[in-house]
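Please examine the model shown below.

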Amino acid sequence: MSISSTFNRRWCEVIVETLTRHGVHHICIAPGSRSAPLTLAAASHSKLNCHTHFDERGLGHLALGLAKASGQTVALIVTSGTAVANLYPAIIEARLTGEKLIVITADRPPELIGCGANQAIEQQGIFAGHAATFNLPRPTPEISARWLAAALDEQLAHQQAGAVHINVPLAEPLYGEDNGEFMSWRDSLAGWWQDSRPWVNHRQWQTTETQEKWRHWQQRRGVVIAGGVTAAQGKRIASWAQQLGWPLLADVQSQTGTPLPAADLWLGNPLAQQTLAQAEIIVQFGGKLISKRLLQWQASQQATLWLIDPLTGRRDAANLHGERIVADIDDWLDQHPPQCHTRWARALEALVARTQREIVAACEAFGEAQLAHRLPQLLPNGGQLFLGNSLLVRLVDALAQLPAGYPVYSNRGASGIDGLLSTAAGVQRGQPRPTLVLLGDISALYDLNALALLRDAPAPLVLVIVNNNGGQIFSMLPTPASQRERYFCMPQDVNFSHAAVMFGLHYARPDSWPTLQQAVAECWQRGGVSLIELVVEAEQGAHTLKQLVSRVAAL
Ligand SMILES: Cc1ncc(C[n+]2csc(CCOP(=O)(O)OP(=O)(O)O)c2C)c(N)n1
Ligand SMILES: [Mg+2]
């Protein structure tokens, strides 16, 4: 029996409705025919905010950014074929950084797979190892709507960090008027259609325990490390560390306000190492630390590590001895109030002040090191920052002191440069605030078509592209000088003004700190989206960072 387009539609309506019962408000859709019944069901759902993009690699990152900023689960719909494979980078990143995505891929029915039919590839389990997988059967009225809702509830209720991939085979016809058929199939879900809860509500009872011997440990010499946490948690962690009197080694993703800034530099100094060698316990919140010196310091430690992160899995590349606590960071802080104060590492404070003076002196010339150090002066009030990868994020981590609680977003799971603009667009749609985005030139080129997504920015957005003509991170690394340019940095000699024209964005190219500051200020006033290209000397940023590391080590 051939299934009518109406039944495909009924089937997809249950799928889409179920998404909304699992906290989905945003759904990201790429064009395609096989996915038409899913797309049309999503488009006509009053509770879903639909986002569209023609490039599935960018679409995946748009969803990732939306999930980061909204804290919600975000769904995607794509068609069959290589469209599916293009979601891979975002799915990998979500798994590593904990965002929840529901990836719905339309597929050909089983008889069209592996027989030479067009746009048919092996989709089942394609993301294995990076996402949970659920393969739906071919739609048929013989399978009840109750089964479909209950089976989806089971998958989505147990969704952990990362993506769930739902593969949906759909047979033709895919289009046609809704002729009102199969209403009784749909109505077996009865009052569920008017409800807002899942058909089957799965629940897990949770308890949070207090760490044994917390009373004992908080009187010892502790160090706090903050990696990727939320802005609100960052503020809390900073005040928790301060009340304990413990030094806080904070990553730029921590949003703690970095009370001891530039740890990436001063951790290389012997005075810091001697002082911190007295530490007996390290309490770390969140993972994915950027600073090389921080990672090296951690790896050299004998102290006990308590690592608290809501994500499961190993998060400490230094493999320290201690406790790996999978917990909500706020819950854990609630259970571990700081009652003692042991400000045992005061010697660091003078070293931090001297390091700051070195930074100011080294960042006098216009360039990316100066941009990184003076970044707080460019941040919009009530706004947010999106930081790209590569040299830039290392410079900001090492040289800037960002305000406590100021939201910072990034892709530091797999640290790909393949979807940064799209992720930034998603972040702003998830939190419609003035947004400053900093990217390298190669990263911007990689995801250039995402400028199309920025045109719909819901609040002012300033995209600063640092054009150091290539991937200058490779000038930091010991790449062979004779091969560096051709095989590593790959300078592209491009001028981004043409990209701005192509996508109708405002463009400026300031060449000094005052003109940059003025250009950015004007962008916030003007509103809309602006592309600011900073053409900087190729190796200056890498050179400044290297020099500062050795200067501060010798202070
Ligand atoms: C998808 C992907 N491919 C390759 C890399 C390796 N990689 C890291 S940084 C980088 C160059 C980035 O250049 P640019 O955006 O100009 O930043 P810069 O190094 O100049 O700061 C490359 C190729 C990566 N991180 N992700
Ligand atoms: Mg570059």
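The paragraphs that follow describe selected local features in turn.

This is a predicted model, in which local features need pLDDT of at least 70 and side-chain atom pairs count only at pLDDT 80 or more, while totals for chains, interfaces and linings use all residues. Residues are numbered from 1 along each chain as its sequence is written, chains are lettered from A and ligands numbered from 1 in the order in which they are written, and side-chain values use heavy atoms, with hydrogens and water left out.

The magnesium ion (ligand 2) is coordinated at 2.0 Å by Asp441 (OD), Asn468 (OD1) and Gly470 (O). Donors are N, O and S atoms within 2.8 Å of the metal (3.2 Å for Na, K and Ca); because water is not among the atoms, sites may look incomplete. Along the sequence, the donor residues of this ion follow the spacing D-x26-N-x1-G. Asparagine 468 and glycine 470 are both buried. Here buried means under 20% relative accessible area, exposed means over 50%, and partly exposed lies in between (1.4 Å probe, protein chains only).

Glutamate 172 and proline 173 are joined by a cis peptide bond, with omega about 5°. Proline 173 belongs to the loop between strand E6 (162-169) and helix H7 (183-187). The helices (H or I, at least four residues) and strands (E, at least two) named here are DSSP runs, numbered from the N terminus. Alanine 262 is not a glycine, yet its phi is positive, at about 65°. This alanine 262 is situated in the loop between strand E8 (248-250) and helix H10 (263-266), and it counts as buried because its relative accessibility is 2%. Lysine 288, also not a glycine, has a positive phi of about 60°. The loop that holds lysine 288 runs between strand E9 (281-285) and helix H12 (292-299). With a relative accessible area of 30%, lysine 288 is partly exposed.

Helix H17 (residues 420-430) is mostly covered, with 11 of its 11 residues buried. The buried residues of H17 include Leu420, Leu421 and Val427, as well as the charged Arg429. In strand E12 (residues 384-387), glutamine 384 counts as buried because its relative accessibility is 0%. Between the C-alpha atoms of glutamine 384 and alanine 345 there are 32 Å in space and 39 residues in sequence. Another such pair involves glutamate 349, a residue of helix H14 (residues 347-362). Glutamate 349 counts as partly exposed because its relative accessibility is 35%. Its C-alpha atom is separated by 25 Å from that of valine 408, 59 residues apart along the chain.

Attention now turns to charge pairs. The structure holds 19 salt bridges, each being a side-chain nitrogen of Lys or Arg within 4 Å of a carboxyl oxygen of Asp or Glu. In one of them, arginine 21 pairs with glutamate 17, the closest N and O atoms being 2.8 Å apart. Both arginine 21 and glutamate 17 are buried. Arginine 220 forms a salt bridge with glutamate 280, and their closest N and O atoms are 2.9 Å apart. This pair links distant parts of the chain, 60 residues apart: arginine 220 lies in the loop between helix H8 (214-217) and strand E7 (222-226), and glutamate 280 in the loop between helix H11 (270-276) and E9. Arginine 220 is partly exposed, with a relative accessible area of 32%.

A further salt bridge connects arginine 293 and aspartate 264, the closest N and O atoms again being 2.9 Å apart. That pair also links distant parts of the chain, with arginine 293 in helix H12 and aspartate 264 in helix H10, 29 residues apart. Arginine 293 and aspartate 264 are both buried. Elsewhere, salt bridges that share partners join Arg9, Arg10, Glu13, Asp178, Arg186 and Asp187 into one network.

Glu485, Asp493, Glu537 and Glu539 form a negative surface patch. Patches are made of residues with over 30% relative accessible area and no salt bridge, like charges being joined within 9 Å and nonpolar side chains (Val, Leu, Ile, Met, Phe, Trp, Tyr) within 5 Å.

Notes. Areas by Shrake-Rupley, 256 points an atom, 1.4 Å probe, with all protein chains shown as cover. Lys, Arg positive; Asp, Glu negative; His and termini not counted. Charge placed at Lys NZ, Arg CZ, Asp CG, Glu CD.
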